[in-house]
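Welcome, and please have your viewer ready. This tour goes stop by stop, telling you what to select and what is there.

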Amino acid sequence: MLQNGIHHVTAIAGPAQRNLDFYTRVLGLRLVKKTVNFDDPGTYHFYYGDESGQPGTILTFFPWEHAAPGRLGAGETQETVFRVPEGSIGYWTHRLVEKGVVLEAPQQRFGETVLAFKDPDGMRLALGAVPGTEHEPAWTADEIPAEHAIRGFHSASLLVTRAAPTGAILTDIFGFTEIAREGSLVRYKAGDTVLGGIIDLREAGEFPRGRSGAGTVHHIAFRATTDAVQAEMVKKLAENHGIRTTEQKDRDYFRAVYFREPNGILFEIATDDPGFAVDEPAETLGQALKLPRFLEPKRARIEAVLPKVV
Ligand code: ZN
């Protein structure tokens, strides 16, 4: 079956250890890959996800020790929302307060309870309560009970000047359908995709552009099950929207192309295969520093430059 939706979200962070502590020890995600930014190998690239890092669960970071804070603006991913069971909002409210996380009062969005908060770099995150998720399998870390654990992405919201042009890309290329409107939000859903199957466009009108930096999203990737599906999307983007993508880049765990959508957000199209168990055992994902083959000869130098993390 054709699965659409979010593949991963990639953001910029401050110190690596602080990022690792927050996502694995506070939110309980699994570090499924510890590698470097292939285009800037002196910087880590951390991938967090569920047990295997399925598409629709993966949040990734480029942590820079001295990254300047970014500023949210139009043409950016505004908020990344995780799925949790409906009965878990109370648990998470208590846990996040206890961990000193800045959070807002729970709010209702499209009939669902949403708990918004920020990571240590100010990145906007939320937990979206979804009935029935308590029966889904979950990766559990340390003290977080399985019944409350995060189950991948619920959605992401994109801050745009005008919703329609981005909506056209979502519907024509990525298999989404507009399903609801609430205030300035337009909700799109990708068929019956459970993990990361929702995109909300927040139409901001004339709003300043963002500034890239710690706490901001660098790009959002959408799923293409195979190379053939990705190639078809690339063709359609050119023919129907006059948009050209980059050439395909091999990111070892998926193959990616990139383009700017009409509101200026950097979109990626990433294949589902081969996934994170391609270069290390599934049981020990994320423990060793993995490098792409072309960087292996430089391993000693790279390890000397990267900050130590535990
Ligand atoms: Zn990416």
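## First stop: a salt bridge

Select Arg255 and Asp227: they form a salt bridge, with 2.9 Å between the closest N and O atoms. A salt bridge here is a side-chain nitrogen of Lys or Arg within 4 Å of a carboxyl oxygen of Asp or Glu. The pair links distant parts of the chain, with Arg255 in strand 15 (residues 255-260) and Asp227 in helix 4 (residues 227-241), 28 residues apart. Helices (H or I, at least four residues) and strands (E, at least two) are DSSP runs, numbered from the N terminus. Arg255 counts as buried at 15% relative accessibility, whereas Asp227 is partly exposed at 35%. Buried means under 20% relative accessible area, exposed over 50%, and partly exposed in between (1.4 Å probe, protein chains only).

Before moving on, note that this is a predicted model, in which local features need pLDDT of at least 70 and side-chain atom pairs count only at pLDDT 80 or more, while totals for chains, interfaces and linings use all residues. Residues are numbered from 1 along each chain as its sequence is written, and side-chain values use heavy atoms, with hydrogens and water left out.

## Two salt bridges within helices

By the rule above, the count comes to 20 salt bridges. Next, select helix 1 (residues 16-26), where Arg25 and Asp21 both lie, four residues apart, about one turn of the helix. An α-helix has 3.6 residues a turn, so residues three or four places apart point the same way. The side chains of Arg25 and Asp21 meet in a salt bridge of 2.3 Å, N to O. Arg25 is partly exposed at 38% relative accessibility, and Asp21 is partly exposed at 29%. Now colour the buried residues of helix 1: Ala16, Asn19, Leu20, Phe22, Tyr23, Thr24 and Val26. Just after the helix, look for Gly28, which takes a positive phi of about 75 degrees.

For a second example, go to helix 5 (residues 299-305), which holds Glu303 and Arg299, four residues apart. Their side chains meet in a salt bridge of 2.9 Å, N to O. Glu303 is partly exposed, with a relative accessible area of 35%. Elsewhere, salt bridges that share partners join Lys33, Asp279 and Glu280 into one network.

## The zinc ion

Which residues are the protein donors of the zinc ion? Select His8 (NE2), His219 (NE2) and Glu268 (OE), which lie 1.9 to 2.0 Å from the metal. Donors are N, O and S atoms within 2.8 Å of the metal (3.2 Å for Na, K and Ca); water is not among the atoms, so sites may look incomplete. Along the sequence, the donor residues are spaced H-x210-H-x48-E. His219 lies in strand 13 (residues 217-224) and Glu268 in strand 16 (residues 266-271), so this pair ties together parts that are 49 residues apart in sequence. Are these two buried or exposed? His219 counts as buried at 7% relative accessibility, and Glu268 counts as buried at 0%.

## Strand 8 and its partners

Select strand 8 (residues 124-130), which is mostly covered: six of its seven residues are buried. Strand 5 (residues 76-85) pairs with strand 8 in the parallel sense over six bridges; two strands pair if DSSP finds at least two bridges between them. On this side, Thr80 has Leu125 of strand 8 as its bridge partner.

Strands 7 and 8 form a hairpin with five residues between them, and Gly122 in the turn has a positive phi of about 90 degrees.

Find His45 in strand 3 (residues 40-49); His45 counts as buried at 8% relative accessibility. A polar contact of 3.4 Å joins the side chains of His45 and Tyr47. A polar contact is a pair of N or O atoms within 3.5 Å; within protein, one must be able to donate a hydrogen and the other to accept it, and residues adjacent in sequence count only if both atoms are side-chain atoms.

Finally, show the rings: the structure holds 20 aromatic pairs. Tyr48 and Phe61 form one that is edge-to-face, 6.0 Å centre to centre with 65 degrees between the planes. Rings of Phe, Tyr and Trp (its six-membered ring) pair if their centres lie within 6.5 Å; planes under 30 degrees apart count as stacked, over 60 as edge-to-face and the rest as tilted. Tyr48 is buried, with a relative accessible area of 0%, and Phe61 is buried, also with 0%. To finish, select Phe22, Tyr23, Tyr44, Phe46, Tyr48 and Phe61, which ring pairs link into a cluster.
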